[in-house]
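Dear colleague,

Please find below the structure that I said I would hand over.

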Amino acid sequence: MLREAIDWLLTPSLPLARRSGHLGEFVAIAARRRRNAAAWDGHEARSRAAVLRAAGAADPAGTALILGAGHVNDVPLEALSDRFRAVILVDLAFARVTRRRARRLGNVVCHPHDVTESLDALAEIRQPAAWLDDPSVSFVASVNLISQLATVASRHRDDAEGERIARALAEAHLRWLTRFACPTCLIADREVEIVDRDGTVTATLDPNKGAGLPDADEEWVWDIAPRGEVDRRFAVRHKVIAIDRVNR
């Protein structure tokens, strides 16, 4: 808890992230990763490989725009820096280690931004439009982000309103990705499974609340919360998909 409190104090973020609770969630994700590093390794490696595979279709003379890159463990940062003229990392907050890695590379910048463009007023979900008119952007990747857009925003709301917000944010995010003219990659949770100690799946959940995802080019399982992390009896795992080009 002391480490998390220090991280909360020292992590650079948008003021909105501190006020809304998003920074607390950001710090909690990092703590969960430290506790379950071995279980997360495979997922992070496959995420990095999927981003790099999709980037192979993009113009290296342009800029790579990476959404949800605050922790950058699932992003092949050095490889992207080598490939592209510039790399922009986008998130509400950035871990100190992410900022250090970006500074060392020289052509990578950390850009704090609310990718939903709606977190300050959720009554009407806005359609994101950032970077759509930037001709230098030649590759976009949304990395393990879409199902997290409403994690904090839907708290303390009734189920129906929480699901409405989550679905609307996910659908707006997908529309935004499809509007880019360049290759645009999506890595996303497709399904959440609750698993009993004997391996039986006791429940499945839709993390995107009905927002339809495109067909996957690759799929894998992420053991996000092994038994004991959130419950002594149950584990949580995600089915993750990679889509090389959302805007085919």
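Helices (H or I, at least four residues) and strands (E, at least two) are DSSP runs, numbered from the N terminus. In H6, which spans residues 96–105, the buried residues are Thr-98, Arg-101 and Ala-102. Because these three cover an arc of only 100 degrees around the axis, they lie on the same side of H6, the arc being that of the directions from the helix axis to the C-beta atoms. Arg-103 and Arg-104, on the other side of H6, are exposed, and the helix is followed by Gly-106, whose phi is positive, near 90 degrees.

Before going further, please note that this is a predicted model, in which local features need pLDDT of at least 70 and side-chain atom pairs count only at pLDDT 80 or more, while totals for chains, interfaces and linings use all residues. Residues are numbered from 1 along each chain as its sequence is written, and side-chain values use heavy atoms, with hydrogens and water left out. The protein chain has a mean pLDDT (the predictor's confidence in each residue, from 0 to 100) of 87, and 86% of its residues reach 70 or more. Over residues 4–10, however, the pLDDT is below 50, although this stretch has 14 contacts in the model beyond near neighbours in sequence. Where pLDDT is low, the predicted coordinates should not be read in detail.

Turning to the strands, E8 (residues 235–243) is largely enclosed by the rest of the structure, because seven of its nine residues are buried. Strand E5 (residues 184–195) pairs with E8 in the antiparallel sense over nine bridges, pairing being counted if DSSP finds at least two bridges between two strands, and Leu-186 has Ile-243 in E8 as its bridge partner. Strand E7 (residues 218–225) also runs antiparallel to E8, joined to it by six bridges, and Glu-219 stands opposite Ile-241 in E8.

Finally, on the cysteines, Cys-182 counts as buried at 8% relative accessibility, and Cys-185 is buried with a relative accessible area of 0%. With a disulfide taken as a pair of cysteine sulfur atoms within 2.5 Å, the count comes to zero disulfides.

With best wishes

Conventions. Contact means heavy atoms within 4.5 Å. Buried means under 20% relative accessible area, exposed over 50%, partly exposed in between (1.4 Å probe, protein chains only).
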